[in-house]
Structures are given as structure tokens and as C-alpha cells.
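Please find my notes on this model below. They are set out as numbered points, to be read beside the coordinates.

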Amino acid sequence: MLKRLFDRNLRTGGGRRKGYEPMARAEFERLPGHVAIIMDGNGRWAKKKGLGVAQGHRRGTEALREIIRHTSDLGIGVLSIYAFSTENWSRSPEEVAALMQLVLDFFASEIDELEARNVRIRILGDKGGLPAAQREVLLQAEARTEGNTGLQLNIALNYGGRNELTRAAREIARDVAAGELSPEAITEQTVAAHLYTRGQPDVDLLIRTSGEMRLSNFLLWQCAYAEFLFPRTLWPDFDVRCYDEALSAYGSRERRFGGRLG
Ligand code: IPE
Ligand code: IPE
Ligand code: MG
């Protein structure tokens with residue numbers, strides 16, 4: 001598959017990014033059903049260019065737009081993107097404000113296209129901990145796209161995996177205390193049904209850009225058997241070609257789920 005990608009790029013102009021023709025679904029041996037992306041490296045990208053960090057984040061949302069489009073074109077079922085973690089509040093007030101502004105700008109500019117593409121949006125994370133204007137926009141986006149049947153787009157905002165699991169434990173405990181559930185009846189499915197991703201398949205492929213190799217509290221439960229890829233590209237430079245490379249690499253991974261093949 002990687003060879004095919006290489007041959008194909010020769011055909012399409014030797015890797016000139018502008019001339020790159022995105023791969024079609026049929027060209028992949030196997031595509032993931034659920035892709036999760038930790039969009040990392042905006043700060044380093046900005047620094048390299050002598051720009052402010054807010055500029056890096058802005059260019060990051062441009063990269064995101066293309067990745068969402070391609071995911072939707074490929075017919076991948078679920079895309080989860082990490083936009084703001086529960087730990088990101090520790091950044092400077094200026095940077096947090098810039099990121100929050102980008103949330104508003106992103107939905108203002110993208111919601112019509114997402115709707116037209118039949119994308120369904122779900123926010124992963126505690127919307128109650130976000131400023132009122134952002135919360136409102138997010139609730140609207142979820143409500144407006146609720147009946148859509150295309151790509152399921154999960155946007156993790158004010159999200160932390162431990163926070164999500166703690167919240168699930170609290171909800172389950174409440175059901176037990178109310179006498180609606182016996183402790184023996186709690187299964188893995190019970191826990192999964194109390195996560196933000198309830199009803200969705202587990203992550204098949206996790207991509208973290210910028211070369212960092214850690215989860216940073218993202219989808220801890222859902223990534224139990226995910227394949228991990230850590231491209232060195234900084235997020236604002238992560239284009240459709242980089243994405244096709246990652247998806248192709250996933251296709252050649254051997255997934256075992258604890259069993260023995262062959
Ligand atoms: C990721 O880029 C975006 C967010 C965390 C919101 P960073 O801002 O973490 O970029 P680096 O890691 O500093 O390069
Ligand atoms: C993870 O990136 C969070 C997002 C991409 C939103 P960070 O840059 O915040 O993670 P650490 O601090 O390097 O682990
Ligand atoms: Mg980072």
C-alpha cells in the first residue's frame with residue numbers, strides 16, 4: 001500500500017502538495033471505522049515561523065477543515081479530534097482566549113458545510129465548564145446536526161479521559177444507590193454507555209502529530225486496542241497527503257486483539 005501511494009505520487013507530480021490528488025476509498029485495503037487525532041504542534045509551528053501562538057492555532061483549524069472533508073469523502077464512520085483538554089486551562093489567559101475565540105470562528109465558518117455534508121457533531125467534554133457563548137454555539141451545532149447520518153464528528157473540548165471515567169463512575173454509582181442497578185450487573189458495556197462516546201465504536205487508529213508520543217488524557221477507555229501513529233509533522237502542516245499516508249499505514253498493521261493469527 002505504501003508503495004502504491006509512492007507510485008501514485010509519482011503519477012500526480014512527485015509529491016508536489018498542490019498537485020496531490022487525495023486517495024479514494026477503493027484505493028485503501030482497509031480503512032479504520034474510528035479515527036482519533038491529537039492535533040499537536042501548533043505552538044512549535046508558530047514559533048518556527050516567527051508568529052504568535054494564536055496564529056498557529058488559527059492555521060491549525062485550516063488544516064482541520066481539510067482533514068474533516070477528506071474523512072467525510074472517504075466514508076469513515078467516526079472522527080474524534082482533541083481540540084482543548086482539561087489541562088489546557090493552565091495556559092496563559094491570552095492563549096486560552098484565542099482558543100475559545102477559534103471555537104466560535106470555527107463553527108461560524110464551518111457549520112453550513114458540515115450540515116451540507118450530513119455530518120453529525122457531538123462534543124466530548126464538559127460543556128458546562130466553557131464560557132456561555134461557546135456553550136451556546138456547541139449546543140446549537142449538536143442540535144442542528146443531530147439527525148444527520150454521515151460522518152460522526154466528535155470534538156473534544158474541555159475534555160479529559162480521567163474526568164470522563166470519573167463522571168461515568170459517579171453516574172453508575174447513582175443508579176446503584178437508587179436501587180436501579182445491582183453492582184453485579186455492571187459490565188464493560190455499562191461503563192461504555194456512560195461515556196461521551198456512548199453508542200460509538202472504539203478508536204481503531206489514533207494519530208498524534210508533532211512527534212510527541214503520549215495520550216495526554218485523550219480517550220483512555222476508547223483507545224484500549226487502537227493502533228497508534230506518531231507522524232512528526234506539526235499539525236498546521238498536516239495535510240490530506242499526510243493523512244492518506246497515515247491511513248495507508250494503518251491498513252498494513254496487523255491487529256490481534258490478544259489472539260494469535262495464523
Ligand atoms: C496543540 O498545539 C493545540 C492545543 C493544545 C490546543 P500546541 O499548542 O500544544 O502546540 P505545541 O505542542 O506547543 O507545539
Ligand atoms: C494535547 O496536547 C491536547 C490537545 C491537542 C488539545 P498538549 O500539547 O496539551 O499535550 P501535552 O501537554 O504536550 O501533553
Ligand atoms: Mg502541544
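1. Basis. This is a predicted model, in which local features need pLDDT of at least 70 and side-chain atom pairs count only at pLDDT 80 or more, while totals for chains, interfaces and linings use all residues. Residues are numbered from 1 along each chain as its sequence is written, chains are lettered from A and ligands numbered from 1 in the order in which they are written, and side-chain values use heavy atoms, with hydrogens and water left out.

2. Ligand 1. The residues around ligand 1 (a heavy atom within 4 Å) are Met-39, Asp-40, Gly-41, Asn-42, Gly-43, Arg-44, His-57, Ala-83, Asn-88, Arg-91, Glu-95 and Leu-99. The side chain of Asp-40 has an N or O atom 2.9 Å from an oxygen atom of ligand 1. A polar backbone atom of Gly-43 is 2.9 Å from an oxygen atom of ligand 1, and a polar side-chain atom of Arg-91 lies 2.7 Å from one. On its own ligand 1 has 380 Å² of accessible area, of which the protein covers 82%. Accessible areas come from the Shrake-Rupley method with a 1.4 Å probe; for residues, only the protein chains shown count as cover.

3. Ligand 2. Around ligand 2 are Ile-38, Met-39, Asp-40, Tyr-82, Ala-83, Phe-84, Asn-88, Arg-91, Arg-208, Arg-214 and Ser-216. Polar side-chain atoms lie 2.9 Å from a ligand 2 oxygen in the case of Asn-88 and 2.8 Å in the case of Arg-214. For Arg-208, a side-chain N or O atom is 3.2 Å from an oxygen atom of ligand 2. Ligand 2 taken alone exposes 390 Å², and the protein buries 77% of that.

4. The structure holds 21 salt bridges, each being a side-chain nitrogen of Lys or Arg within 4 Å of a carboxyl oxygen of Asp or Glu. One network of them links Asp-40, Arg-44, Arg-208, Glu-212 and Arg-214. Asp-40 counts as buried at 15% relative accessibility, whereas Arg-44 is partly exposed at 34%. Here buried means under 20% relative accessible area, exposed over 50%, and partly exposed in between (1.4 Å probe, protein chains only).

5. Salt bridges across the chain. Arg-69 and Glu-113 form a salt bridge whose closest N and O atoms are 2.7 Å apart. Arg-69 lies in helix H3 (residues 53-74) and Glu-113 in helix H4 (residues 93-116), so the pair ties together parts that are 44 residues apart in sequence. Helices (H or I, at least four residues) and strands (E, at least two) are DSSP runs, numbered from the N terminus. A further salt bridge joins Arg-255 and Asp-204 at 2.9 Å, N to O. This pair links distant parts of the chain, with Arg-255 in the segment after helix H8 (240-251) and Asp-204 in the loop between helix H7 (188-192) and strand S5 (205-208), 51 residues apart. Arg-255 is buried at 13%, and Asp-204 is buried at 16%.

6. Helix H3. The end C-alpha atoms of H3 are 32 Å apart, which agrees with the 32 Å that its 22 residues should span at 1.5 Å a residue; the expected span is 1.5 Å times one less than the number of residues. Among the buried residues of H3 are His-57, Leu-64, Ile-67, Ile-68 and Leu-74. The buried residues of H3 pack against strand S1 (34-38), helix H2 (42-49), strand S2 (78-85), H4, strand S4 (152-159) and H8, where contact means heavy atoms within 4.5 Å. Gly-75 follows H3 and has a positive phi, near 75°.

7. His-34. Is His-34 buried or exposed? His-34 is buried, with a relative accessible area of 0%, and lies in strand S1. Its side chain makes a polar contact with the side chain of Ser-80 at 2.7 Å. A polar contact is a pair of N or O atoms within 3.5 Å; within protein, one must be able to donate a hydrogen and the other to accept it, and residues adjacent in sequence count only if both atoms are side-chain atoms.

8. Backbone check. Ser-216 is not a glycine, yet has a positive phi of about 45°. Ser-216 lies in the loop between S5 and strand S6 (227-229) and is partly exposed at 31%. Phe-257, also not a glycine, has a positive phi of about 55° and is found in the segment after H8.
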